[in-house]
Amino acid sequence: MPEVEYLDYGVVEEREWQLEAVSTFEKAAAADLDGDEYGRMAVSETETILDAAQREGLGWSMKCLKGGCGRCSALVVDGEVEMDDEQKFFTRADVGARDICLPCVASPETDLKLVYGVSELDSLEQHVK
Ligand code: FES
């Protein structure tokens, strides 16, 4: 079962850590963060990443739960995800150019390092519904 190491974008911004660096997760592991800000969770084959976050009681931003609004956007810093082709938020070019996924319609193919809550990024904020 793949494991997702997650980190809150708000923490990355507040501490001025580098967003897309694997070393940021080492800093997070060494910092005394709350379980909703940083942690690890297993994702079963039948779950999306957001399903697992909800099962763990994490309050990740979300709305449509079907890949349409962009609220749950997350940055994949390391690892591979499989995302439902039916999602309507990102174009194929977007998905390829940025390592971004929509956890409500994505499953991990490998262990992941994921920054959640990135819908507040300037480049995304104007598109989020
Ligand atoms: S909750 Fe709307 S895209 Fe994930």
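A residue is called buried if 20 or more other C-beta atoms lie within 10 Å of its own, exposed if 12 or fewer do, and partly exposed in between, with the C-beta atoms placed from the backbone. This is a predicted model, in which local features need pLDDT of at least 70 and side-chain atom pairs count only at pLDDT 80 or more, while totals for chains, interfaces and linings use all residues. Residues are numbered from 1 along each chain as its sequence is written.

**Overall build**

- The protein has five helices and seven strands, where helices (H or I, at least four residues) and strands (E, at least two) are DSSP runs numbered from the N terminus.
- The radius of gyration, taken over C-alpha atoms, is 13 Å, close to the 14 Å that the globule rule gives for 129 residues, so the protein is as compact as a globular protein of that length; the rule itself is 2.2 Å times the number of residues to the power 0.38.
- Buried residues make up 33% of the 129 residues.

**Strand 3 and its partners**

- Strand 3, which covers residues 74-78, is mostly covered, since four of its five residues are buried.
- Strand 3 pairs with strand 5 (residues 100-101) in the antiparallel sense over two bridges, and two strands are said to pair if DSSP finds at least two bridges between them.
- Within this pairing, Ala-74 has Cys-101 of strand 5 as its bridge partner.
- Strand 3 also pairs in the antiparallel sense with strand 7 (residues 112-116), over four bridges, and there Asp-78 has Lys-113 as its bridge partner.

- Leaving aside its neighbours within four places in sequence, Val-115 is in contact (C-beta atoms, placed from the backbone, within 7 Å) with residues including Leu-7, Ala-74 and Val-77.

**Two loop residues with positive phi**

- Glu-16, in the loop between helix 1 (9-14) and helix 2 (23-30), has a phi near 55°, a positive value in a residue other than glycine, and Glu-16 counts as exposed because it has 6 C-beta neighbours inside 10 Å.
- Leu-65, in the loop between helix 3 and strand 3, has a positive phi of about 60° although it is not a glycine, and Leu-65 counts as partly exposed because it has 17 C-beta neighbours inside 10 Å.

Note on methods:
Two residues are in contact if their C-beta atoms, placed from the backbone, lie within 7 Å.
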